[in-house]
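Here are a few notes to read alongside the model. Have the sequence and the 3D view open as you go through them.

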Amino acid sequence: IMLFGDDFHGVEIFNVGATSSTNVRFIAEAVIREMGLDGIPINYEDTEKGYKGDIAKYEYNVDKINSKGWKSLMTSDETVLRTVKELVRQFCVRSK
């Protein structure tokens, strides 16, 4: 939802997401697998978390929206897998 203007009286803002988290390695492995690029190495620069300044793991605080009764139907990993599969399907970038 995008709001324009300066009058935000009465507007509540919520983080919407899963109560789980994922990490860079899981995402990279999912992309490699779904694109059929088996054997492609995952290289990190200086650390296990990716490039300098990268966030290896991120998790949203969704307590506020959960307190209103909303719950995610998928975990973070399930969401990543679904997104990667759909992007591969749409853009036909599978190497197999």
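1. Accessible areas here come from the Shrake-Rupley method with a 1.4 Å probe. On that basis, the protein chain has an accessible surface of about 7800 Å², and carbon and sulfur atoms account for 55% of that surface. Keep in mind that this is a predicted model.

2. Now for the overall layout. The protein chain has three helices and two strands, and along the sequence they come in the order β-α-β-α-α. Of its 96 residues, 20% are buried. Take the contacts between residues at least 6 apart in sequence: 80% of them join residues at least 24 apart.

3. Let's zoom in on helix α1, which covers residues 24–34. Which of its residues are buried? They are Ala28, Ala30, Ile32 and Glu34. Part of what covers them is α3, residues 76–91.

4. Both ends of α1 deserve a look. At its start, a side-chain oxygen of Asn23 comes to within 3.1 Å of the backbone nitrogen of Arg25. After the helix comes Gly36, with a positive phi near 70°.

5. Is Ile27 buried, exposed or partly exposed? Its relative accessible area is 36%, and buried would need under 20% while exposed would need over 50%, so Ile27 counts as partly exposed. Beyond its neighbours within four places in sequence, Ile27 is in contact with Thr22 and Val80. Check Leu81 too: Ile27 and Leu81 are 54 residues apart in sequence, yet their C-alpha atoms are 8.0 Å apart in space.

Conventions:
Residues numbered from 1 in each chain as written. Heavy atoms only, no water. Buried < 20%, exposed > 50% of the residue type's maximum accessible area, 1.4 Å probe, protein only. Helix = DSSP H or I, 4+ residues; strand = E, 2+ residues; numbered from the N terminus. Contact = heavy atoms within 4.5 Å. Polar contact = N/O pair within 3.5 Å; in protein donor to acceptor, adjacent residues only side chain to side chain.
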